[in-house]
Amino acid sequence: MDRYRDAAQLSDALGEWMSGTAPLFRRLADGVAALVGQGRLVAGDTLPAERALATALAVSRSTVVAAYDDLRSRGLIESRRGSGSRVAGSAAAGTTVRDRRVDGGHGASIFQRIVAGPSDDISMIYAVDPAAPELAETLQQVVDEDLPLLLDDLGYHPRGLLVLRERVAAHLTRTGLPTTSDQVVITTGAHQAISLIAQMYVRPGATVVVESPSWPGCFDLFDAASAAVVGVPMDEDGIAIPPLAAALKRHQPALLFVMPTFHNPTGHLMSVSRRRQVADLARRYDVPLVEDNAYGSAPGIRDLPAPVAAHAHGDQQVLTVGSLSKAVWGGLRIGWIRTSAPIAERLSRHKALADLGSPILDQAIAARLMPRLPELLARRSEEGAARLRAMEDLLHDRLPDWRWDTPAGGSALWIELPDTDARVFAQVARRHGVEVVAGRAMDPTGAHDAYLRLPFTYSQERMTQAVDRLAAAWTELRRHGPGPTGDARPVI
């Protein structure tokens, strides 16, 4: 099946195609050519119809026609009357099935965007905080006091340094989830934790049930495992129970993946009663449950509910994921999985195959920081509350017709755009120098196409510049108005 028959998917995959000074059609042609060169468009893939792609990119049809003509002149695509345009047979030799699977069918993943590096735009696609000031101090302590012992160590710890596992276990116990060190596996961030779990539990053709909307990275990871992802709607208390029960019964999934504290992108905090219900349902249908609690800070909230795993029964398979990325720094790639000791042992074997163990110096820094985690999270909470108020004030002032619910926590607003496909708006916003994540990246079904995620983790100055540019883009888009089906008319 061709991957880019959908114009919106190709639009997402093109990413920063508008950058540069060449004529617009040439920049578009270069963007498509780059996808061919990367193996993300391969021989035989169908390109969208010119009018459909023009609508998705918010450009004129003549721009797309000229771009396709340019690609034909390069021998990269071929067109036949009545059959549309396809990537030419000799255009992308050597692309593997793995290359196609990693793309995931949703366009450029968040990880592919990271690899591509920064652009000249203000990028609002990463909900990340600056490094905690304690990090530099702790690094110096490790160098001064721990380094001699660390250098005498073998350096390979697939489960993680014992002292770090003990301190992670102590932290989880403080949150209401009694834990011992043999129940903890240290990972290179929460991303690797979920990847290792997928490797152990998910086989090609299996189903994974997630919240809808959900974190884009989970789609990338589960798609890479050749799994089918089924979304379940949410309410203010978390994943909705009747549709969850129906999905577990119907699909008998390999995994149930939820983000109870705080959900990305909505910022919802799953209630205690809902956590208990989710654990009970996973047990009833014998489905391994993964809870990702990497978003641990909340504006103004100090006491959080115990993890879902605290409501598990007996030998029920529940895996709790966490990390230091939000509390300390995204560059400190330390995460963990908490589960039963036998499952932790199995996961450690997968971890050994992946990298023989996370970097030992990073683990030493993390071990010193773990006892201070409540203090670090409390400060993040206060900082987040101030930035959230600032972002909401900016939006109320400059974009008063946008709609959102103030999140309980997390790092971003989940905004609904009235009568507008957020992917089309994202294209216009790029021309105004700001990059945003449209809802389709977080719900491939199309149910949240009118939404976008807007982080509030940046400085006041950066958020003001971004919102000013978004307001200008919104004015431009609304000036041209939506088309008869809700799609924006081309504005170039």
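**Figure 1. Salt bridges across the predicted model.** A search of the whole structure finds 27 salt bridges. A salt bridge here is a side-chain nitrogen of Lys or Arg within 4 Å of a carboxyl oxygen of Asp or Glu. This is a predicted model, in which local features need pLDDT of at least 70 and side-chain atom pairs count only at pLDDT 80 or more, while totals for chains, interfaces and linings use all residues. Residues are numbered from 1 along each chain as its sequence is written, and side-chain values use heavy atoms, with hydrogens and water left out.

**Figure 2. The salt bridge between Arg 26 and Asp 70.** The closest N and O atoms of this pair are 3.0 Å apart. The link joins distant parts of the chain: Arg 26 sits in helix H2 (residues 24–37) and Asp 70 in helix H4 (residues 61–73), 44 residues apart. Helices (H or I, at least four residues) and strands (E, at least two) are DSSP runs, numbered from the N terminus. Arg 26 is partly exposed, at 33% relative accessibility. Asp 70 is buried, at 11%. Buried means under 20% relative accessible area, exposed over 50%, and partly exposed in between, with a 1.4 Å probe and protein chains only.

**Figure 3. The salt bridge between Glu 383 and Arg 380 in helix H15.** The closest N and O atoms are 3.6 Å apart. Both residues lie in H15 (residues 373–398), 3 residues apart, about one turn of the helix. An α-helix has 3.6 residues a turn, so residues three or four places apart point the same way. Arg 380 is buried, with a relative accessible area of 6%. Glu 383 is partly exposed, at 28%.

Figure 4. Arg 398 forms a salt bridge with Asp 397, and their closest N and O atoms are 3.0 Å apart. Arg 398 is partly exposed, at 31%. Asp 397 is exposed, at 56%. Elsewhere, salt bridges that share partners join Glu 134, Glu 137, Arg 372, Glu 375, Arg 379, Arg 380 and Glu 383 into one network.

**Figure 5. Helix H8 crossing helix H14.** The axes of H8 (residues 162–174) and H14 (residues 360–369) come within 9 Å and cross at roughly 35°. Axes are lines fitted to C-alpha atoms, for helices over the stretch in contact, and angles run from 0 to 180 degrees between N-to-C directions. The crossing is left-handed: the near helix is turned anticlockwise from the far one by less than a right angle. H8 contributes Val 163, Leu 164 and Arg 167 to the contact, and H14 contributes Gln 363, Ala 366, Ala 367 and Arg 368. Contact means heavy atoms within 4.5 Å. By class, the H8 and H14 contact has 4 nonpolar, 1 polar and 2 charged residues. Ala, Val, Leu, Ile, Met, Phe, Trp, Tyr, Cys and Pro count as nonpolar, Asp, Glu, Lys and Arg as charged, and the others, Gly among them, as polar.

**Figure 6. The surroundings of helix H14.** In H14, 7 of the 10 residues are buried, so the helix is largely enclosed by the rest of the structure. The buried residues are Ile 360, Gln 363, Ala 364, Ile 365, Ala 366, Ala 367 and Leu 369. They pack against helix H7 (134–152), H8, strand E4 (184–187) and H15. Pro 371 lies in the loop between H14 and H15. Pro 371 is partly exposed, at 49% relative accessibility.

**Figure 7. An open antiparallel sheet.** The sheet has 3 strands in the order E12-E15-E14, with antiparallel pairing. Strands E12 (412–416) and E14 (437–438) stand at the edges, each with a single partner strand, so one side of each is left without a neighbour in the sheet. E12 and E15 (residues 451–455) pair over 5 bridges. Two strands pair if DSSP finds at least two bridges between them. Ile 415 has Leu 452 of E15 as its bridge partner.

**Figure 8. Leu 353 in helix H13.** Leu 353 belongs to H13 (residues 341–355). Leu 353 is exposed, at 76% relative accessibility. Leu 353 and Leu 196 are 157 residues apart in sequence and 10.0 Å apart in space, C-alpha to C-alpha.

**Figure 9. The whole chain.** The protein chain has 17 helices and 15 strands. Buried residues make up 57% of its 492 residues. Of the contacts with a separation of 6 or more, 74% come from residues 24 or more positions apart.
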